[in-house]
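Let us take a friendly walk through a protein model together. Have a look at the chain, and then we will begin with one of its helices.

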Amino acid sequence: MRPLRNPLIQKAVAWLLSQWMAFCYATLRWQRENEGVAEEVWDQGGGVLVVFWHSRLGLAPASWPHGRAQPTKGLISLSPDGQFLARAMARLGFPAIRGSSANKDKRQQAKGGTQALRDGLRQLKTAGLAITPDGPRGPANVMAPGLPTLARMSGAPVLLIGVSCNPAIRLNSWDRAVLPLPFGKGAVVWDRVDWPEDGDMDEVTAEWTDRLNAVEARADRLTGLSRAPA
C-alpha cells in the first residue's frame, strides 16, 4: 500500500503541506499584473471559472483573495492521490468537487466525471470553480475540452491565471510541478476570456491554450523562474 493512500497519513501530510505553503505565500513579495480584469469579475459576483495549469496548483490559492473574490471550489481527480491533494487544497480555501476526465473508459470514473460536471455547473451558477485544464495526467500545458465545454454550457467568464515564484522547488513529475519556497518573489498575471457566440471548440481551445501559456510565461519572467523544458 502506498503511504499517501493511508487516510491518517494523508491527513497529516496534507496539513503539513498546507501550513508550509501558507507560510510561503505570506513571505513572498508579490507582484500583480492586469489585476483589473479579475477585479471586474470579483465585483460583479456570480459564477467564474478559475484556470491555471496543473504545474501551478501549489501556488494557485495565493492568487485568489478569499473574502473579496467569489468562494471557489476546485475540480480535483477521483484518484486516491487526488484525495490527498483535495485535503491540502481545502485547507487553503479551495474545497473540492471530485472527478475528472481521466480513465474515461472506466465505468466508475465516467460516473464520477458526469457527476463532477453537474456539480461544477451548479457551482458556477453563483460561485467560482477552479480547474487545471491539462490535469490530472497531461500532457502538460495542453488544454482538454472540459474547460471550454464548461464555459459554453455555463456562460461564466473565464479567468486565466499565470502564477509563479522564485526560488521554488520543481518536482520531477509529469507537469514539473512548482512548489514555493519562502522569502522570494511571487507574481500573478490575469487574463479574461469568454466563450464566443458560435465559437468553434477546436479554435477556442487552441486560443485559450496560447493565452494561458502567455500569462504563465509572463509571471515567470516577472519572478525570474526558468521555464520547464517542453
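In helix α5, the residues Leu 147, Pro 148, Thr 149, Leu 150 and Ala 151 are buried. Buried here means under 20% relative accessible area, while exposed means over 50% and partly exposed lies in between (1.4 Å probe, protein chains only). Helices (H or I, at least four residues) and strands (E, at least two) are DSSP runs, numbered from the N terminus.

Before we go on, a word about where these values come from. This is a predicted model, in which local features need pLDDT of at least 70 and side-chain atom pairs count only at pLDDT 80 or more, whereas totals for chains, interfaces and linings use all residues. Residues are numbered from 1 along each chain as its sequence is written, and side-chain values use heavy atoms, with hydrogens and water left out.

What does α5 meet in α6? Leu 147, Pro 148, Thr 149, Ala 151 and Arg 152 of α5 meet Met 201, Val 204, Thr 205 and Trp 208 of α6; a contact means heavy atoms within 4.5 Å. The axes of α5 (residues 146-154) and α6 (residues 201-223) come within 9 Å and cross at roughly 115°. Axes are lines fitted to C-alpha atoms, for helices over the stretch in contact, and angles run from 0 to 180 degrees between N-to-C directions. Once you leave α5, you come to Gly 155, whose phi is positive, near 75°.

Now turn to helix α2, which spans residues 35-44. Which of its residues are buried? They are Ala 38, Val 41 and Trp 42. These three cover an arc of only 100° around the axis, which puts them on the same side of α2; the arc is that of the directions from the helix axis to the C-beta atoms. Glu 40 and Asp 43, on the other side of α2, are exposed. The buried residues pack against three strands: β2 (48-51), β6 (158-170) and β7 (178-193). Just after α2, Gly 45 has a positive phi of about 70°.

Pro 167 lies in strand β6, and a cis peptide bond joins Asn 166 to Pro 167, with omega about 5°. Another cis peptide bond links Gly 138 and Pro 139, where omega is about 10°. Pro 139 sits in the loop between β5 (128-131) and α5.

Follow β6 onwards and you reach the loop between β6 and β7, the place of Arg 176. Arg 176 is not a glycine, yet its phi is positive, about 50°. With 28% relative accessibility, Arg 176 counts as partly exposed. In strand β7 you will find Phe 183, also not a glycine but with a positive phi of about 65°. Is Phe 183 buried or exposed? Its relative accessible area is 57%, so Phe 183 is exposed.

Finally, step back to see the whole protein. There are six helices and seven strands, and from the N terminus on they run α-β-α-β-β-α-β-α-β-α-β-β-α. Of the 230 residues, 45% count as buried. Among contacts with a separation of 6 or more, 75% come from residues 24 or more positions apart.
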